[in-house]
4 protein chains.
Amino acid sequence: MEKKRKFSAVAVTFGSCADRYVLSGYSPKKSFEEMLDGAKQVPDLSGVELVWGWHLNDDNADEIVEMIKNKGLEISMIIPELWSNSKWWKGSFAAKDKEIRRQARERVKTAMTLAKKTGCNQVSPWFGQDGYDYVFQADYIASWDAIVDGLVECADFLPDVRLAVEYKIKEPRTHNFVSTIGKVLLLINEVNRPNVGVNLDIGHALQAYESMAEDVALLKRFGNKLFHLHLNDNYRMWDDDMMPCSVHTLENLELLYWLEKVGYDRWYSLDVFPYREDGVELATEAIEWLKGLFNLLDKIGMNEIEKVIQLEDPIKALKLLRCALLQ
Amino acid sequence: MEKKRKFSAVAVTFGSCADRYVLSGYSPKKSFEEMLDGAKQVPDLSGVELVWGWHLNDDNADEIVEMIKNKGLEISMIIPELWSNSKWWKGSFAAKDKEIRRQARERVKTAMTLAKKTGCNQVSPWFGQDGYDYVFQADYIASWDAIVDGLVECADFLPDVRLAVEYKIKEPRTHNFVSTIGKVLLLINEVNRPNVGVNLDIGHALQAYESMAEDVALLKRFGNKLFHLHLNDNYRMWDDDMMPCSVHTLENLELLYWLEKVGYDRWYSLDVFPYREDGVELATEAIEWLKGLFNLLDKIGMNEIEKVIQLEDPIKALKLLRCALLQ
Amino acid sequence: MEKKRKFSAVAVTFGSCADRYVLSGYSPKKSFEEMLDGAKQVPDLSGVELVWGWHLNDDNADEIVEMIKNKGLEISMIIPELWSNSKWWKGSFAAKDKEIRRQARERVKTAMTLAKKTGCNQVSPWFGQDGYDYVFQADYIASWDAIVDGLVECADFLPDVRLAVEYKIKEPRTHNFVSTIGKVLLLINEVNRPNVGVNLDIGHALQAYESMAEDVALLKRFGNKLFHLHLNDNYRMWDDDMMPCSVHTLENLELLYWLEKVGYDRWYSLDVFPYREDGVELATEAIEWLKGLFNLLDKIGMNEIEKVIQLEDPIKALKLLRCALLQ
Amino acid sequence: MEKKRKFSAVAVTFGSCADRYVLSGYSPKKSFEEMLDGAKQVPDLSGVELVWGWHLNDDNADEIVEMIKNKGLEISMIIPELWSNSKWWKGSFAAKDKEIRRQARERVKTAMTLAKKTGCNQVSPWFGQDGYDYVFQADYIASWDAIVDGLVECADFLPDVRLAVEYKIKEPRTHNFVSTIGKVLLLINEVNRPNVGVNLDIGHALQAYESMAEDVALLKRFGNKLFHLHLNDNYRMWDDDMMPCSVHTLENLELLYWLEKVGYDRWYSLDVFPYREDGVELATEAIEWLKGLFNLLDKIGMNEIEKVIQLEDPIKALKLLRCALLQ
């Protein structure tokens, strides 16, 4: 019997993508409802991630939640906007300005309240503007103190809503504070609350020269902290936000193996920027690749893989993969 | 006697900068005239680079040229916009669509006409959207053919206007065609027109793991093709577009040495993205660093440097630098 | 009917590999004959690459050539040793010391003479020690002059022996002169001899953030200069010299497509460092992957791929690949 | 009054360096006594780091310790060899083979015993061979368990001898387990012994896209764990092991500022590979650079720097640096 996995995507997958060169977007703007209609066209997709502060706000929350429900979709994650308003230009949780830090925490709490109300029950803060660009710019210790404090405060605000922290090594700052799997776990450990874990963006892992599979294993080992998954792919130098599985076939297979092994049963959520692609087609194809790789795992067998890992002979492992993939 | 060098900046240095996260800009928008007023506040700055298609268009060209003249500034370079309109989403000079290719060439020719008229006499095309993101996406040979053809056509259109081609390894595409110093020289060689050379963006050089100094030397050796210079700095992984000299002190000094050695006497033009900095202060400080490093060169002496290079002993070279810099 | 392709490997694949931490080698040393015996155990392998100066020298050449012939193997390439003797510590073709430059050229000519005599008819020089580490160390222009001069002299020495120049961006120097596909083509163009082309090491391509497929296309376009192929794989940051196809499945498939498309019919030669793996098993498995990927190409069909490239829709291309690979 | 800082170097700085291309070394081999004589020639150098298993062994320990004392040098660190013998080819502390793990721990304990006896009192284990190269090769969880266990066992063996763990992102494995500042602190936190901290190799920090200054701050914040410092420099892509301060002037200055600020008062130890340079000259020049940069800090003033950091205006910080450096 095929295992049922839940697929989701950030809503903007079905909107228009912009970068610093084409600020007005590579394709025509879309309304939020049009994005949902896009999501609906993707077979196997049942969840969407919303950004609190973009798609959701104090005035429209009930209406938006209703709209999503009516489309037959679930909210897979609420992301508090902490990086796209120019007021965060020098940081959110780690801003030197106390009032800005307060606003950032309030925004997370508001998102948590809504997450509880809608049953989604999880919020993923990303401290994208918290970092530095130049030498002698940051007070590293004070910044880390502020992030820890803010996260504790939010965690305790609603202990039954999960906070899934996303890390990233660079962009938009040349150096972000919460940058690698090691640092995010260090942060989570100090915060030490059961409702605080990690949203693993595998593109960010690749960008930091991490093994996605090792990240999953470490998240298991250091407190079972894998709360959510952002899927995409890139060429390891930058967060290209490409279609999942479009670059790294075997490393994605190893990722899926470890997700299976540690018993991950939450969302498989696409976080992509289809600048020049059709979002519906990209999401559809991405899910087909993921399902295809899961089928490949089944075909090889978890036990066979476990055995070949214990042999510690990578050539035998590659033979096992090849026989399943190319024959 | 101090040598007179000409400093310039892209006009947007004095505007508002945006990235893919803060699309509306990190600071309030400014009019073109406000940007010029910013430029005027920078001591030693005498030129501005304009983007044909943004600051300049068919309707306002005379007026804008007059405005710049009245402010006492020169146009140091005209850059034909070939990357910020969504119509270039799949390329400009290398687009598969013949009509798009035609429009791209026309845009360069229009910029050339204006460059001639204003006496600036140079245009810098950057094929930022000409590249690819995924496997099996590009027809590499046809793309290179199209870029060569387009460049030849433009070069022959006005043989007394210089075309300074800018290269870059990635962004906005994950892979750009005209990506490295080697490839741009290969392109220039095949085009083989005296009015076609290179606009060396030293941040792009760093991003491609090139030595900025070696690039200057190669541009000299392979046809004296250094037509223009874009200055900024970064951490080698990405085109961070930071303040020139803010990261690589010694490598910038070696760059200036080679510029001096090969007799470069054109513009020193800042191409920066001051997302979170004041453009006037950044440009002012950048020029002070450049002048300071040139003074350091004078203090050490070109001959002394030449001698230490011939010794082929980098520790002696580092001693020479230290004695001048830290004593 | 399956196309016959010729597979080869550098002889050291079947020896012991060392790095700067384990200088005595990760496994017991082997004699040259033992290496050949290893090569013989690899099904489909018919060629070995030799290093002139290691396996071959003035005294043993006849004997070694005979030994290879008796084992039923061909010499696929002769590599003149220009990087492992400490006398090349400051360069070979670009050394400041004229006598060292002379010795380097002589070494290439001697290898050429033997290549002619044995019918292998090709020699692959790699200027691994020709580069620089520190600022103000290299005289870039003089170095390039010397490399061009040396290559012309060697090319003219025996015009019917091919010289396949290998490039690499770094290691053993932090910066090598002949570093990228662009620079090697620039060099080849200036040398301008029909017997001078390129040995494309695809690991070096990846290390320089190049597309292996685009490299093959450019080598075709700029003079049909792909003379030889070194296969391995890595994680893009360094020349890890891993088993071919062990990291980049789809990019290797695109590489094979372009090799087929441009009519490449020379050696597919493994250049790997099996530090902790068995060389025979690794080579055997590598060739199986290559054959498996070629079969996949056949299964999809060259025409289908060509069509999808012309569609310029990477999601459709990825669908085509997935259907062939995962169904 | 100038502050007295203690400078040291790894002994091999004064020996011969080899890499995977020149296995026999770039310069003639030297005896250990010749290396010490080299160290003695470096003004301001008072310490040497020894590798237990190379320079020191069970038979010669007393003699070597006496020799160092007679030369007027101190042992600044003892490094247990865990990576250069081929028996560690598949790991030391994380080896699957229990007997190998036992030998690795014993080796660290033996080094600790000697460190105690000689008064050096610190040992720096580096798990260089503990990692993986290919997908499906490592059992990440078991490997981390083994490293934690081994480190606890060693820490408890002699609680008054410091263990300064060195981390590195890659080489000799393509992926090392203890790879980044975040992961090493995660490890140290779990081990949770007062005598276990970090040996920060700043080249490894650069290779992992870390800020050296932020690393020092984090080591302070997360338990005051900076036990030792390895100084060198590189181009951020690889552990080039170049002369300290030869590439990153301003980032090294920020590093020194933070070392001063957190009250670091242990060794400043050079860990370099002078492949093509004279070790004595390189070490001498490196220490002059470090002293020169410390003088620059004094000239600017710690308070002035603290103030400019609090301003959160990197352009003002760069102006402060420029005025001190270039005027």
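Mentor: Before we count anything, one definition: helices (H or I, at least four residues) and strands (E, at least two) are DSSP runs, numbered from the N terminus. Keep in mind too that this is a predicted model.

Trainee: What are the dimensions of chain A?

Mentor: The C-alpha trace of chain A spans about 60 × 45 × 40 Å along its principal axes. Its radius of gyration is 20 Å, and that agrees with a compact globule of 327 residues, because such a globule would have a value near 20 Å.

Trainee: Let's change topic. How many residues of chain D are in contact with chain A?

Mentor: There are 38 residues of chain D in contact with 38 residues of chain A. On the chain D side, the elements giving two or more residues are helix H4 (140-157), helix H5 (181-191), helix H7 (212-221), helix H8 (249-261), helix H10 (302-311) and H11 of chain D.

Trainee: Which of those gives the largest share?

Mentor: That is H5(D), with 6 residues of the side that touches chain A.

Trainee: What kinds of residues are on that side of chain D, nonpolar, polar or charged?

Mentor: They divide into 21 nonpolar, 6 polar and 11 charged.

Trainee: Why do we say that chains D and A meet through the same surface?

Mentor: Because 100% of the interface residues of chain D are also interface residues in chain A.

Trainee: OK, on to chains B and C. What rotation superposes chain C on chain B?

Mentor: A rotation of 180 degrees does it, with 0.0 Å of shift along its axis and an RMSD of 0.0 Å. Of the residues of chain C, Gly182(C) comes closest to the rotation axis, its C-alpha being at 1.9 Å.

Trainee: How many residues of chain C are in contact with chain B, and which helix gives the most?

Mentor: Chain C has 38 residues in contact with 38 residues of chain B. H5(C) gives the most to that side of chain C, with 6 residues. By class, the side has 21 nonpolar, 6 polar and 11 charged residues. These copies also meet through the same surface, because 100% of the interface residues of chain C are interface residues in chain B.

Trainee: Which residues make the contact?

Mentor: From H9(D), look for Leu296(D), Lys299(D) and Ile300(D); from H11(D), find Leu320(D), Ala324(D) and Leu325(D). By class, the contact of H9(D) with H11(D) has 5 nonpolar residues, no polar and 1 charged.

Conventions
Residues numbered from 1 in each chain as written. Chains lettered and ligands numbered in written order. Predicted model: local features only at pLDDT ≥ 70, side-chain atom pairs only at ≥ 80, totals over all residues. Contact = placed C-beta atoms within 7 Å. Nonpolar A, V, L, I, M, F, W, Y, C, P; charged D, E, K, R; others polar. Least-squares fit on C-alpha atoms with pLDDT ≥ 70 in both. Rg over C-alpha atoms; globule rule 2.2 N^0.38 Å.
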